[in-house]
2 protein chains.
Amino acid sequence: MIGIVGGLGPYGGLDITKKIIDETAARSDQEHLPLLLFSCPNLISDRTAYLLDKSNVNPGKAIAAILRQLEMAGATIAAIPSNTAHAEPIFSVVQDERARMGSTLKLLHIVYETVRFVDENYPDTTVGILSTAGEQICSLYREAFIRKGFVVVEPEGSQQEKVNNAIYDEDYGIKAQPVPIANKAREDLLLVMDDLKKKGAQVIILGCAELPLAIPERDYNGMIVIDPNRILARALVHSLAPDKLKPL
Amino acid sequence: MIGIVGGLGPYGGLDITKKIIDETAARSDQEHLPLLLFSCPNLISDRTAYLLDKSNVNPGKAIAAILRQLEMAGATIAAIPSNTAHAEPIFSVVQDERARMGSTLKLLHIVYETVRFVDENYPDTTVGILSTAGEQICSLYREAFIRKGFVVVEPEGSQQEKVNNAIYDEDYGIKAQPVPIANKAREDLLLVMDDLKKKGAQVIILGCAELPLAIPERDYNGMIVIDPNRILARALVHSLAPDKLKPL
């Protein structure tokens, strides 16, 4: 059974659950994979606040406790659909707690699964990373790609500001206005992607859970667009039932 | 905590989970309600096949077993997002099994919650029912509304055939082609709703989980359109945290 740590935020848990179902080849309800979504946002303190030193509660402990509950309910493989939760200061606590509890649940890592997917399907490409989840997530993606020999390009200066505002602006940002997405948020992101294309990007990583809401395309301006939540969903299906994974 | 019996089908469990989050007034992730979605479609045999005597496995036992697991994981209130699972031959087995296991989990009923909602918000109206989940669900809605004093109108003959085909047709039916919905499925359903309007309908019940995919409107041609999954989601939020229920 697949276990999902939901609630960070609630729509992120919903999104990966939908993608697991979408990516499973099934001709009837019964052929779909067993799945447990544990969405307890009330138990998990804010990830970004912790990383920015605005809170001293590390959410890693609560995440590990939920993973334990998923394991006790029968999950054999699990994932955390949040880029920020994989930042080292949080994820290391998750892993320490799991070791302390003697967990044998297999836990996938959103960044490493994404890098592995790109390496298998689009090797030797130049990768552009879009992210606002703080420097820790950007550098996690950047370093993992560079370690595999990829060339990495990122938005700088006013371009990075456009990405931040497309997500956080209180008027037109995706967090403030998710349905429908404001034209300005989407158009600014496309401009940044065009700029990364000029810098040589062949693959774009949407390294923040809000970005696929504004950029649902799987390719844009000749570049492959990668949604890490979808890659994580595919990796879960592949681990549990490789024969049921839909073709790309 | 809210428990959801998912997997009948997988998208139905996803749909009510989304609606619980949508209907909760929350200014941060942490203010959302704790929720457990147990989606084990592999454990639950086909409901319609059982009702139509094509299978002799009553899915009620598996549904009760999942409710037990939700209860043991901490759920205090639960729902089954499927009209068909509430047909008497299945639902009575769910309730018998729960009684045998000494369950104290509160379980909401999709039909009775829908009737109660309409009675509270749109009393003394004429209600039109759209359903294809077999005569048992139609009559469950019909009888519950009549008991409360409502006048009930339903599609007949070629009109009922239009509804069945809009859901089951292998070319244009919603089950075969959910994204995007075929024009013919939606247009036929709108024609049937226009016909119910002529018969006096003021409220339309979308008594089959596929119908809200084709008819997302909350009102149409002067009639109120009711999505029972959304009503069930609202009833769950109201039971757990009445102050967090969004206004209609």
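The crossing of helix H1 of chain A with helix H1 of chain B is left-handed. On the side of H1(A), this contact is formed by A:Pro10, A:Tyr11, A:Leu14, A:Thr17, A:Lys18, A:Ile21 and A:Asp22, and on the side of H1(B) by B:Pro10, B:Tyr11, B:Leu14, B:Thr17, B:Lys18, B:Ile21 and B:Asp22. Classified by residue type, the contact of H1(A) with H1(B) comprises eight nonpolar, two polar and four charged residues. In this predicted model, both helices span residues 10-22 of their chains, and their axes come within 10 Å of each other and cross at roughly 165°. Because angles over 145 degrees count as roughly antiparallel, H1(A) and H1(B) are therefore described as roughly antiparallel to each other.

The relation between the two chains was examined by superposition. Chain B is brought onto chain A by a rotation of 180° with a shift of 0.0 Å along the rotation axis, and the RMSD is 0.0 Å. This is the relation of a two-fold axis. The same surface serves both copies, since 100% of the contact residues of chain B recur in chain A. Among the residues of chain B, the closest approach to the rotation axis is that of B:Leu37, whose C-alpha lies at 2.5 Å.

Within chain A, H1(A) also packs against helix H10 (residues 228-240), at an angle of about 50° and with the two axes 8 Å apart. That angle makes H1(A) oblique to H10(A). The crossing of H1(A) and H10(A) is right-handed, whereas that of H1(A) and H1(B) is left-handed. To the contact with H10(A), H1(A) contributes A:Gly12, A:Asp15, A:Ile16, A:Lys19 and A:Ile20, while H10(A) contributes A:Asn229, A:Arg230, A:Leu232, A:Ala233, A:Leu236 and A:Val237. These residues of the contact of H1(A) with H10(A) divide into six nonpolar, two polar and three charged.

Chain A further contains an open sheet of five strands with mixed pairing, arranged in the order S6-S5-S7-S9-S8. Strand S5 (residues 126-130) of chain A pairs with S6(A) in the parallel sense over three bridges, and A:Val127 stands opposite A:Val152 of S6(A). Helix H8 (residues 183-198) of chain A packs on this sheet, where H8 touches S5, S6, strand S7 (203-206), S8 and strand S9 (223-226) of chain A, and the direction of H8 makes about 155° with that of S5(A).

In chain B, five strands likewise form an open sheet, in the order S6-S5-S7-S9-S8 and with mixed pairing. Strand S6 (151-153) and strand S8 (219-220) of chain B stand at the edges with a single partner strand each, so that one side of each is left without a neighbour in the sheet. S8(B) is joined by two bridges to strand S9 (residues 223-226) of chain B, and these strands run antiparallel; B:Asp219 stands opposite B:Ile224 of S9(B), and B:Tyr220 has B:Met223 as its bridge partner in S9(B). The hairpin of S8(B) and S9(B) has two residues between the strands, and B:Asn221 in this hairpin takes a positive phi near 50°. Strand S7 (residues 203-206) of chain B is joined to S9(B) by three bridges and runs parallel to S9(B), with B:Val225 of S9(B) as the bridge partner of B:Ile204.

Technical notes: Residues numbered from 1 in each chain as written. Chains lettered and ligands numbered in written order. Predicted model: local features only at pLDDT ≥ 70, side-chain atom pairs only at ≥ 80, totals over all residues. Heavy atoms only, no water. Least-squares fit on C-alpha atoms with pLDDT ≥ 70 in both. Contact = heavy atoms within 4.5 Å. Axes fitted to C-alpha atoms, helices over the stretch in contact; angles between N-to-C directions. Helix = DSSP H or I, 4+ residues; strand = E, 2+ residues; numbered from the N terminus. Parallel < 35°, antiparallel > 145°, perpendicular 65-115°, else oblique. Left-handed = near helix turned anticlockwise from the far one by under 90°. Nonpolar A, V, L, I, M, F, W, Y, C, P; charged D, E, K, R; others polar. Pairing = 2+ DSSP bridges.
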